[in-house]
Amino acid sequence: MLCDNAAMENETITTGPGALPDVDVVVVGAGMAGLYMLHELRSLGMSAVVLETAADVGGTWFWNRYPGARCDVQSIDYQYTFDPELEADWEWSEKYATQPEILRYLQHVADRYDLRRDIRFETRVEAAIWSDDTGRWTITPDAGDPIDCRFFVMGTGCLSVPKAAEIAGAERFGGDVYFTSRWPHDGVDFTGQRVAVIGTGSSAIQSIPLIAAEAEQLTVFQRTPNFSVPAYNGPPDAARAAALAADRDAYRAAARWSGVGVPIEPAQRGAWQATEAERNQSYEEGWAVGGLFGVTRGFNDLLLRPSSNHTAAEFVREKIRQQVDDPETAEALCPKNYPILSKRLCVDTDYYITYNQPHVRLVDLRSTPIDTITETGIDVRHDDGTESIEFDSIVYATGFDAMTGALVSVDVTGRGGVTLARKWADGPETYLGVMTAGFPNFFMITGPGSPSVLSNMAVSIEQHVEWIAACLADLREGGHDVIEPTATAEAGWVQHVNDCANITLFPQANSWYMGANVPGKARVFLPYVGGVDTYRRTCDEVVQRGYLGFRRAGSHGEIVDDGVVNRLQPDVSALLRIMADLALPPIDSMGAPEARGFMEMVGAERPPGPDVGEIVDGTLPGAAGDLDYRLYRPSSQGPHPVVVYFHGGGWVLGNLESDDPFCRDLCDRSGAIVVSVDYRHAPEHPYPAAADDASAAVGWIAAHAIELGGIPGQIVVAGWSAGANIAAVAAQRARDAGGPTIVGQLLVTPVTDGSRSWPSMSDNGDGFVLTKSLMEWFWDHYDADRGAPGASPLLADTLADLPPAAIFTSEFDPLRDEGAAYAAALSAAGVPTHHHSCRGHIHTSLTAVDVIISGAPIRAAMAEHVQKFVAG
């Protein structure tokens, strides 16, 4: 028997009758999570008991016995990896294992490690109460005495609480009723029966072909169609098996550090970068492979860009049309009101072709809703009346109260008598998805706010169990008895989870990811979409930083390491990691000509931005010769307000098209003409050449507004970085010269004062693209007197009587403080000023259109300010 000798010496709880003694840890659930948690606790020499509602181990795989129940992750990946001997001891029979085989596997694990002796079966936990006085939890089961424990771990699974059938008349039906989530253990024979299946989620898609093979008549009631792809099930994948055999450690490490917990190569380009033929070829190749990661494996932007997502969705819809003979049924089976992947993709065997059988009928509840369930069947409403359909059996495939249902179904009470259900009434609040503030020593395995259902659950379960076990070991070593996340850390993590979701298309679907399938449940995104790799890196960082965000207490006193992890916006953080991996040379190590060439090369790889009505190139007279400009005209009927825009680049880099996507975006959102003006660059043309050209350009454009298609007197100056600097200077000069009239200033991460060292210049001076060293490189090339108002507009003699301003600064920008200081100074001088402090952003992220998705709401706010400026 393979078990830890030290653990064997501990007195552990048996499943026999009588009072249970106190234990170190109570674990709820004997599924994949609970079994491994018990194994790890034994290895720590900790006493533990597992409480399980079912009569045996297996969790989800004990209960979900409906026909066709399979895992949608390949068997070779959906298994424990903590013990190489366990892996060698078990061989899967199919690529996608069935429920009976997975259950046998988990039973094998329980036997191999002698786990059942510490599991109390057929025991439901009714309540758990924390005591500050004793520093322990009291767990109340539905039978037997309460159990006191130091630590309380919920391993109850993400999809374990069935959702009730909330259909009028459901209780009246006189035939047989089945739920896919609680299928009879001895099976069901539908031979010769008239069967209704309500729901077309994953369990329905798996079971419908098999029910159809038995039933005399099968009617499927569909509210929302789901995208499904072929499984192509068969023997285990030979290529995966060979890769695992060749280097087990590398294969498993690749899974642990992948985005989804499966060792697949991440896509390196977006669908927008491919031609239609290239996209279709990629989708066809993926369809031929099948599985969750087939069709969608070729592109990295399908959950980020609606236009890219549409290409994949339409490909799958066309595959549905090709498989289903009846056009009306095919269209009803095609999802059209949510993006593909925003609900978990289903994996099927012969699902769509089942509808070609003459005894199978689809009822689309969107056009033919259920009126009521009767004693003999189901009444549905048509435009011209009611149809009564008689059935012998009804199968409810109505899903689960996902992620939180099992956790709040237990009356868990933390500090101050607050229950978990009450705390989470408006949505779950966790730190790392593993703990929640106000509930000390309470752990959740794959709880809300962790990758869980967006990943290979086996990998995510192992990561959580190992993190919890290591945490308990660290607590013991440090002399701590209690651990609890701080409110600050928890709020920061909830914000980060939302930030990750909000840059994707996930929130556009009414899915169980959002809790939308349960009436009255708070509509928030439940899992963590940042990726298994990012999540694992974050959990490791928390520990490395002294359990950042946790309060630990014990006989040696209390330690509070308060703070927030992952403060950068997720797409900003991802971009910085990509740049670090590329090991690009620092710009300030180059000469100006080399740096310009490098930036043009980088710019060629960016998304183009939105289409606009017209783009016209021209020239205008500058302070010392002609300047090139590019005009972006909206598609709406003119004339339009005019934004005079100056590009960034430290007065050294860039040209009229270097901020092309941002200018397109501003034009499209604001409905204004945007004129991007080039200007002379340092070091060939040092200060004040750029400022002089900016003033000349504003004057000329104001004088020629009508011929440009603009509205006279509705001129806004705008710029990013050094471009914002010269835009601000141009506004000051126009005021001093008595014209032209400028109605507003849009200044994005502006340079406003190079005469002093601001705290943000040091705090954010390295690692965020614009560095302190690079800023010095720019200033040195510009060769300006940094104390001159023409170089540092914050130092002007007066800031009164300037146009209204909107100033956008980024949290992790070396220029943050001087931008904020300029906003404050303008406001103090009586200038209407709006300062937007952009949380989690860096200097270069606000203008990165279609690269930094989290910047889109900020860019929308910029456009709104332009509209307000011209509205007066």
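A: Let's start with Asn64, which is in contact with Ala69, Gln99, Thr180, Ser181 and Phe400, once its neighbours within four places in sequence are set aside. Please keep in mind that this is a predicted model. You will find Asn64 in the loop between helix H3 (60–63) and helix H4 (84–89).

Is Asn64 buried or exposed? Its relative accessibility is 9%, and the cut-off for buried is under 20%, so Asn64 counts as buried.

Gly294 and Gln99 are 195 residues apart in sequence, and their C-alpha atoms are 23 Å apart in space. Look for Gly294 in the loop between helix H9 (276–289) and helix H10 (306–323). Gly294 counts as buried too, with a relative accessibility of 0%.

Now compare two loop residues with another feature to spot. Asn566 has a positive phi, about 60 degrees, although it is not a glycine. Its loop runs between strand E21 (557–561) and helix H17 (570–582), and Asn566 is partly exposed at 21% relative accessible area. Asp783 also shows a positive phi without being a glycine, with a value near 55 degrees. This residue sits in the loop between helix H23 (772–782) and strand E28 (805–812). At 55% relative accessibility, Asp783 counts as exposed.

Loops are also where you can look for two cis peptide bonds. One joins Gly638 and Pro639, with omega at about 0 degrees, and Pro639 belongs to the loop between strand E23 (626–633) and strand E24 (640–646). Another joins Gly739 and Pro740, again with omega at about 0 degrees. Pro740 is in the loop between helix H21 (722–737) and strand E27 (744–748).

From loops, let's turn to a pair of helices. Helix H14 (residues 457–477) packs against helix H16 (residues 532–544) at an angle of about 0 degrees, and their axes are 11 Å apart. That angle makes H14 roughly parallel to H16. On the H14 side, the contact is made by Val459, Ser460, Gln463, His464, Trp467 and Asp474. H16 brings Val532, Tyr535, Arg536, Cys539 and Val543. Sorted by class, the contact of H14 with H16 has six nonpolar, three polar and two charged residues.

Finally, step back to the whole chain. Its secondary structure comes to 25 helices and 29 strands. The radius of gyration is 31 Å, close to the 29 Å that the globule rule gives for 872 residues, so the chain is as compact as a globular protein of that length. Taken along the principal axes, the C-alpha atoms fill a box of roughly 90 × 75 × 55 Å.

We called Asn64 buried; of the 872 residues in the chain, 57% count as buried. The accessible surface comes to about 33300 Å², and 50% of that belongs to carbon and sulfur atoms. Among contacts with a separation of 6 or more, 73% link residues 24 or more positions apart.

Terms used: Residues are numbered from 1 along each chain as its sequence is written. This is a predicted model: local features need pLDDT of at least 70, side-chain atom pairs count only at pLDDT 80 or more; totals for chains, interfaces and linings use all residues. Side-chain values use heavy atoms; hydrogens and water are left out. Axes are lines fitted to C-alpha atoms, for helices over the stretch in contact, and angles run from 0 to 180 degrees between N-to-C directions. Helices (H or I, at least four residues) and strands (E, at least two) are DSSP runs, numbered from the N terminus. Angles under 35 degrees count as roughly parallel, over 145 as roughly antiparallel, 65 to 115 as roughly perpendicular and the rest as oblique. Contact means heavy atoms within 4.5 Å. Ala, Val, Leu, Ile, Met, Phe, Trp, Tyr, Cys and Pro count as nonpolar, Asp, Glu, Lys and Arg as charged, and the others, Gly among them, as polar. The radius of gyration is taken over C-alpha atoms; the globule rule is 2.2 Å times the number of residues to the power 0.38. Buried means under 20% relative accessible area, exposed over 50%, partly exposed in between (1.4 Å probe, protein chains only). Accessible areas come from the Shrake-Rupley method with a 1.4 Å probe; for residues, only the protein chains shown count as cover.
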